[in-house]
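Visitor: I'm new here and would like someone to walk me through this one. Could you show it to me, and let me keep asking how you know things?

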Amino acid sequence: MTEDRDDILLKAFFQQAAQQQIADEGFTERVMQRLPRSEYNLRRFNRLWTAFCVAVFAVLFVVFRGWELLAVQLEVLLRTLPTYMFSINPLLLATTLFGLLFVGVGEVYLREK
């Protein structure tokens with residue numbers, strides 16, 4: 001019960017404080033006009049994040065010899081397709097999910113702003 005009362009008192013206090021005006025002679029407006037456009041920064045960050053994720057994925061693909069993993073997975077898929085049993089390489093799956101996670105986190109971050 002005291003938490004509800006405390007919350008009500010805090011909301012009332014901050015509501016009164018939010019209504020106060022501080023005379024700054026247009027300083028805030030001038031500062032806000034000089035700040036760089038956030039939309040441009042977000043697009044730039046999006047491009048940089050995507051390039052970084054692609055570069056990391058490419059490096060991991062080369063380090064773990066992804067082309068060999070893909071060739072083996074394709075061969076296994078083609079050989080087991082008639083029996084409907086698939087073999088999944090955990091390393092290939094982890095690498096793919098890691099790459100998708102990087103790109104996905106960047107996209108979610110940018111969508112929230």
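Guide: What follows is a chat about the helices, the surface and a few single residues.

Guide: This is a predicted model, where local features need pLDDT of at least 70, side-chain atom pairs count only at pLDDT 80 or more, and totals for chains, interfaces and linings use all residues. Residues are numbered from 1 along each chain as its sequence is written, and side-chain values use heavy atoms, with hydrogens and water left out.

Visitor: What does the secondary structure of the chain come to?

Guide: There are five helices and zero strands, giving the pattern α-α-α-α-α along the sequence. Helices here are DSSP runs of H or I with at least four residues, strands are runs of E with at least two, and both are numbered from the N terminus.

Visitor: How much of the chain counts as buried?

Guide: Of the 113 residues, 10% do. Buried means under 20% relative accessible area, exposed means over 50%, and partly exposed is in between, using a 1.4 Å probe and protein chains only. The chain exposes about 10,300 Å², with carbon and sulfur atoms supplying 65% of that. Those areas come from the Shrake-Rupley method with a 1.4 Å probe, and for residues only the protein chains shown count as cover.

Visitor: Why is Asn89 called buried?

Guide: Its relative accessible area is 19%, and the limit is under 20%, so Asn89 is buried. Asn89 sits in the loop between helix 4 (66-80) and helix 5 (90-112). Leaving out residues up to four places away in sequence, Asn89 touches Leu69 and Gln73; contact means heavy atoms within 4.5 Å.

Visitor: What makes the buried residues of helix 4 lie on the same side?

Guide: The buried residues there are Gly66, Leu69 and Gln73. They cover an arc of only 60° around the axis, so they are on the same side of helix 4. The arc is taken from the directions from the helix axis to the C-beta atoms. An α-helix has 3.6 residues a turn, so residues three or four places apart point the same way. The face turned away from the buried side of helix 4 carries the exposed residues Leu78 and Arg79.

Visitor: How do you know that the span of helix 4 is close to the expected one?

Guide: Helix 4 has 15 residues and reaches 21 Å from its first C-alpha to its last, close to the 21 Å expected. The expected span is 1.5 Å times one less than the number of residues.

Visitor: What makes Glu75 and Arg79 a salt bridge?

Guide: Their closest N and O atoms are 3.0 Å apart. A salt bridge needs a side-chain nitrogen of Lys or Arg within 4 Å of a carboxyl oxygen of Asp or Glu, so this pair qualifies. Glu75 and Arg79 both lie in helix 4, four residues apart, about one turn of the helix. Glu75 is partly exposed at 39%, while Arg79 is exposed at 62%.

Visitor: How many salt bridges does the structure hold?

Guide: Two. Glu68 and Arg65 also meet in one, at 3.5 Å, N to O.

Visitor: Where is Glu25, and why is it called exposed?

Guide: Glu25 is in the loop between helix 1 (2-18) and helix 2. Its relative accessibility is 75%, and the cut-off is over 50%, so Glu25 counts as exposed. Phi of Glu25 is near 55°, a positive value in a residue other than glycine.

Visitor: Which residues make the nonpolar surface patch?

Guide: Phe27, Val31, Met32 and Leu35 make a patch of about 390 Å². Patches use residues with over 30% relative accessible area and no salt bridge; like charges are joined within 9 Å, and nonpolar side chains (Val, Leu, Ile, Met, Phe, Trp, Tyr) within 5 Å. Phe27, in helix 2 (residues 27-34), has 49%, so it passes the area limit.
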